2 protein chains.
Amino acid sequence: MATIKDVANLAGVSAGTVSIILNGKASERKISIETQEKVMAAVKELDYRPNISARKLRSQDVSNNPTIALYWASDVRVNLMARFLRGLQNATSQLGRNFDIVICPYKNDFLHLENGLKHRNIYNAAIIANTSVSDMEYLESITPEIPVVLFNRFSDKYCAVHVDNYKMGVESALLFSKMGHKDAAIMLAKSAYLAMDIRNRGFVETCKNNGIEILPENIIISDNTIEGGVEAAKKFINLDNPPKALFCNSDTIALGALHVFNKEGIKVPEDVEIIAVGMSSVENTEFSNPPLTVVNIPMEEMATSCIKIISGLIDHNVENSTSILFDTPLIIRDSCGAIRPKSAQ
Amino acid sequence: MATIKDVANLAGVSAGTVSIILNGKASERKISIETQEKVMAAVKELDYRPNISARKLRSQDVSNNPTIALYWASDVRVNLMARFLRGLQNATSQLGRNFDIVICPYKNDFLHLENGLKHRNIYNAAIIANTSVSDMEYLESITPEIPVVLFNRFSDKYCAVHVDNYKMGVESALLFSKMGHKDAAIMLAKSAYLAMDIRNRGFVETCKNNGIEILPENIIISDNTIEGGVEAAKKFINLDNPPKALFCNSDTIALGALHVFNKEGIKVPEDVEIIAVGMSSVENTEFSNPPLTVVNIPMEEMATSCIKIISGLIDHNVENSTSILFDTPLIIRDSCGAIRPKSAQ
DNA sequence: CTGAAAGCGCTTACAG
DNA sequence: CTGAAAGCGCTTACAG
């Protein structure tokens, strides 16, 4: 990488002169047109780009926000990030402190390729979200150079903001049980995510314990997209004996399924009751037709909490393995468990 | 802000020693426990935080990505940003070059309070999205210190990636005209955004020219949220003579309206035909009930284009006022203009 | 009109 | 076990 000195040498002037020209003070300092042209030519030839760190160091006028890396798996639905970012914004306004949040997309299972955790001078701190099992193993094996908070994961070693995934599955199963169901189907997002697996286990095991049968063919795997839900619903409809209880591991999938059910005249909740895990904005499931019963993951609040911990870590006044467990409220809406007006029964 | 020298002075040691301790090399370098404790105490007392710029400058090991500020109005639906970020990701992979994208939420009409454009050493470049009229005036009046690309806005002065907002309104009106409508209603997001105003004008003026009447009471203003659409739809239903053509300036509002229509047994498109401006993910309108006809703003492609221009500006090989106008295709779906099977007619 | 030099806050060989 | 010094790449008074 060319430096200002290289440019100066090539142009046959001093570094100071190059700096003046590059900072648009050429006319103010009466630098000759000729010199200016020589310098700009050298800049182009060497593909010179100023070193921002050196600039910042030199001219201290500018308040320097801490830079926080947000590691977000690139194949995770970006609109989940929307909720997260909303929470981040809340936090900065609550803390009266500003952070530069840098979005760092990473490929699941390849977190170890990222440099930000290994160096102390890229970011001041990091939030790591949507780790896969092997990413977690990697994290357990290293000691990052910067403060780290895990989002929606737990570890003894790190600060973490998380939910009880198993319980989410349990509560969904219990609601089905309460509604008197004896068999159920599941739509699962295919993914490498531990959290989702744990949720499924919670659901499946609780079903078993409460006399709800889940036949192997009633477990439908799909992409974690609306379209994935559409495909899954088509499979569901074609089952020999579609259960009247459906658990969707992601509300995105549930929305796709609703689309198909509405189109095909399958009534929710009369023909099939649905519970979904609330990952996307509450709005999306609140105003679907019908509104969906969800076990809600409070992303915004969790994100706010993340930033507060990070802020504390940077200031050295938070314990190095603080964990906050968030509750995941069951929001009962028309798709399952709601008391319906007589006319609709 | 305390420096390493301050810490060294307070602890009564040299700056080098402080550095060694802070970098976790104390035991390796056999620094006495006593010294370590003195230093850490001084660090805490002074609330010392290392200057990342100085670190970066000193230890050049780490590749330094250009930092791009993404100015995004904080009251704009964050899930629009989702689409934008998806486009950004595509760009970085296409360019084989990495950028640090820093999310900079700003308050509309207060872009002038942001420092990033005024200094050359905070960010390397900026993308500015969702400017209000007065933000645009501000931008016209200044010369930013860094390369800037406008997103979904146009200016002679800046690079811009934009769409023909007027035409979006025109095409929606023309489709209604083709469907034989003689009157129409509009649901508008209340906002300070020029783009939305222009769209409305395009729609209203074209309606007028084509004999479609829009009564003042048929113009419904609402929040740009699903809930806003719900409220708007309730007002729509209570109109004395609700038109059979409805233009929504935002698909988010349209989704809220659909919720109400479905609930109240108002059939789309039989009872009312809907065209919406496609701002959120295509998925969301593709799998609603019924799927929505939209004039789509190709956010992802526009974002990709933004980054490519930025990359060119940084490398000095793109013109300083390059503009790219994107097409906004009309996507015909069931809510308006689709050829329906006989059974549904 | 332009150059030489100081110094921003760090880290790291080197010396002792 | 610790300190003094050099130097990363810039910018900016100062000198001429």
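What is the order of the strands in the open sheet of six strands in chain A? The order is E7-E6-E8-E9-E10-E12, and the pairing is mixed. Two strands are taken to pair if DSSP finds at least two bridges between them; strands (E, at least two residues) and helices (H or I, at least four residues) are DSSP runs, numbered from the N terminus. Strand E7 (219-222) and strand E12 (330-331) of chain A stand at the edges, each with a single partner strand, so one side of each has no neighbour in the sheet.

The model is predicted: local features need pLDDT of at least 70 and side-chain atom pairs count only at pLDDT 80 or more, while totals for chains, interfaces and linings use all residues. Residues are numbered from 1 along each chain as its sequence is written, chains are lettered from A and ligands numbered from 1 in the order in which they are written, and side-chain values use heavy atoms, with hydrogens and water left out.

Strand E6 (residues 185-189) of chain A runs parallel to E8(A) and is joined to it by three bridges; here A:Met187 has A:Cys248 as its bridge partner. Four bridges join E8(A) to strand E9 (residues 273-278) of chain A, again in a parallel arrangement, and A:Phe247 has A:Ile275 as its bridge partner in E9(A). From E8(A) the chain passes through helix H10 (residues 251-263) of chain A to reach E9(A), and this β-α-β crossover is right-handed, which means that, with the strands pointing away from the viewer, the path from the first strand over the helix to the second runs clockwise.

In a regular strand the side chains alternate between the two faces of the sheet. In E8(A), A:Ala245 and A:Phe247 point one way and A:Leu246 and A:Cys248 the other way, and all are buried, where buried means under 20% relative accessible area, exposed over 50%, and partly exposed in between (1.4 Å probe, protein chains only).

The domain assignment, which is automatic or taken from a database, divides chain A into domain 1 (4-58), domain 2 (67-163 + 299-326) and domain 3 (165-297 + 330-344). The C-alpha centres of domain 1 and domain 2 of chain A lie 39 Å apart.

Salt bridges are counted where a side-chain nitrogen of Lys or Arg is within 4 Å of a carboxyl oxygen of Asp or Glu; the structure holds 14 of them over all chains. In chain A, A:Glu300 forms one with A:Arg86, and the closest N and O atoms are 3.1 Å apart. A:Glu300 lies in helix H12 (residues 299-314) and A:Arg86 in helix H5 (residues 78-95) of chain A, so the pair ties together parts that are 214 residues apart in sequence. A:Glu300 is buried, at 14% relative accessible area, whereas A:Arg86 is partly exposed, at 28%. A:Arg83, A:Arg86 and A:Glu300 are linked in a network of salt bridges. In chain B, the side chains of B:Arg86 and B:Glu300 meet in a salt bridge (3.1 Å, N to O). Another salt bridge joins A:Arg49 and A:Asp47, with the closest N and O atoms 2.9 Å apart.

The peptide bond from A:Asn289 to A:Pro290 is cis, with omega near -10°, and A:Pro290 is found in the loop between helix H11 (282-286) and strand E10 (293-296) of chain A. A:Asn152, although not a glycine, has a positive phi of about 60°; this residue is in the loop between strand E4 (148-151) and strand E5 (159-163) of chain A and is buried, with a relative accessible area of 10%.

The two chains also meet at an interface. The contact (heavy atoms within 4.5 Å) takes 57 residues from chain B and 58 residues from chain A. Chain B and chain A bury about 5100 Å² between them, 53% of it on carbon and sulfur atoms; this buried area is the accessible area (1.4 Å probe) that two parts lose on being put together, summed over both. In chain B, B:Arg120, B:Asn121 and B:Phe287 lose the most area to chain A, together 14% of what that side buries. Across this interface the rule finds zero salt bridges.
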